[in-house]
Amino acid sequence: MANLSSFSSQEFEKLPKETCWESFDLYKFQGFWYPGFILSGVLGAQSHFEARSDDVILASFPKTGTTWLKALCSCILQEHDHDHDDQLSLKNPHALVRTLEYDLFKDDVTLPDIDLSTMPSPRLFHTHMAYSHLPDSVLKNPDCKIVYITRNPKDVFVSNWHFSNSDSWRTSPEPYPMEKVFDEVCKGHQFYGPFFDHVLEFWFESLKMPEKILFLKYEEMKRDPKGELKKLAAFLGRPFSNEEQVEKVLWRSSFDRLKNLEVNKNGVVFDMELSNKLFFRRGIVGDWKNYFTDEMKKKLDEISCMKLEGSGLDFEM
Ligand code: A3P
């Protein structure tokens, strides 16, 4: 592990570097690609985040269902609060469950904009970091739980392509050339990539420590929302006592409801001022079929087979 507190811009420049989405410089740090501003936040969180035993860390690769998971988990924990209001009607899930790197920790010296030590337990946080990059206090505390969500990589790519085309910092009206960025992604050159390495780290750790890490798939949550939600609530130590509670959490967190809330139609989140509406596009399984060429499908299927072989994990593609 690098001496994080001494990681400077000169050190960044010594890392392998690639460009992704035509404009972002990515740095390869211990196996994973980050843009500089996110890597600074990763290092800040590694240096300063102190996990509590009853913290819950939601983890995901971008565009795999993070927003849904944040909504569900905040509802589950809130459901047992006596004076709970429906926070989701007022705040985007990303404002309710904040991301360690880039939202709370910006770098190794800047403190988060809220005092994390005063947050009531159980605290919910999120990260897109690779498992091996999580702060030591998370990794070493067997009671600090992690919920990881993943999704089939074809839908992840399509979701990411749309999201990146709509980014507020993007100036060109032309969409990114899909096949060019697909080639970059296949090489792992994207924020937090390579995708399969990210997924497999969490997958193998979840097999070793099922009481610490719950591994969820977007497609299974779509297929059996009640079953997956009950599993999630039980893992968080908050099992439901009746079906009405299950229905309520599912409805409150549902795509159709969240997408149409005023806060998500017009609000913004993060300092980067991303529009909340960007996090709600179609919310379906299999949208890749509307975009992938035969060659793209073949190539990603081959990479999936090679990467997942022998792991016991599959994406039913
Ligand atoms: P699509 O772009 O395929 O529609 P993330 O939250 O990790 O950024 O992932 C975004 C994806 O999750 C988007 O997928 C988005 O539409 C979908 N999504 C957002 N909220 C959802 C919800 N409540 N239920 C199901 N899918 C949701």
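D287 is buried, at a relative accessible area of 3%, where buried means under 20% relative accessible area, exposed over 50% and partly exposed in between (1.4 Å probe, protein chains only). Its side chain meets that of R281 in a salt bridge, with N and O 2.8 Å apart; a salt bridge here is a side-chain nitrogen of Lys or Arg within 4 Å of a carboxyl oxygen of Asp or Glu. R281 itself counts as partly exposed, at 27% relative accessibility. Elsewhere, salt bridges that share partners join E13, K17 and D25 into one network.

The model is a predicted one, in which local features need pLDDT of at least 70 and side-chain atom pairs count only at pLDDT 80 or more, while totals for chains, interfaces and linings use all residues. Residues are numbered from 1 along each chain as its sequence is written, and side-chain values use heavy atoms, with hydrogens and water left out.

Across the whole structure, a search finds 22 salt bridges. One of them pairs D183 with K299, the closest N and O atoms lying 3.1 Å apart. This pair links distant parts of the chain, since D183 sits in helix α7 and K299 in helix α14 (residues 294–308), 116 residues apart. Helices (H or I, at least four residues) and strands (E, at least two) are DSSP runs, numbered from the N terminus. D183 is partly exposed at 34% relative accessibility, and K299 is also partly exposed, at 33%.

A local pairing is found in helix α10 (residues 225–235), where K231 and E228 lie three residues apart, about one turn of the helix. Their side chains form a salt bridge at 3.2 Å, N to O. K231 is partly exposed, with a relative accessible area of 36%, whereas E228 is buried at 10%.

The backbone also deserves a look. Most residues other than glycine have a negative phi, and most peptide bonds are trans. The bond from S121 to P122 is cis, with omega near -5°, and P122 is in the loop between β5 (98–99) and β6 (124–127). A cis peptide bond also joins G193 and P194, with omega about 0°; P194 belongs to the loop between α7 (178–186) and α8 (195–208).

Y192 is in the loop between α7 and α8 as well. Its phi is near 70°, a positive value in a residue other than glycine, and Y192 is buried at 2% relative accessibility. K63 likewise has a positive phi, near 75°. K63 lies in the loop between β4 (56–60) and α3 (66–79) and is buried, with a relative accessible area of 16%.
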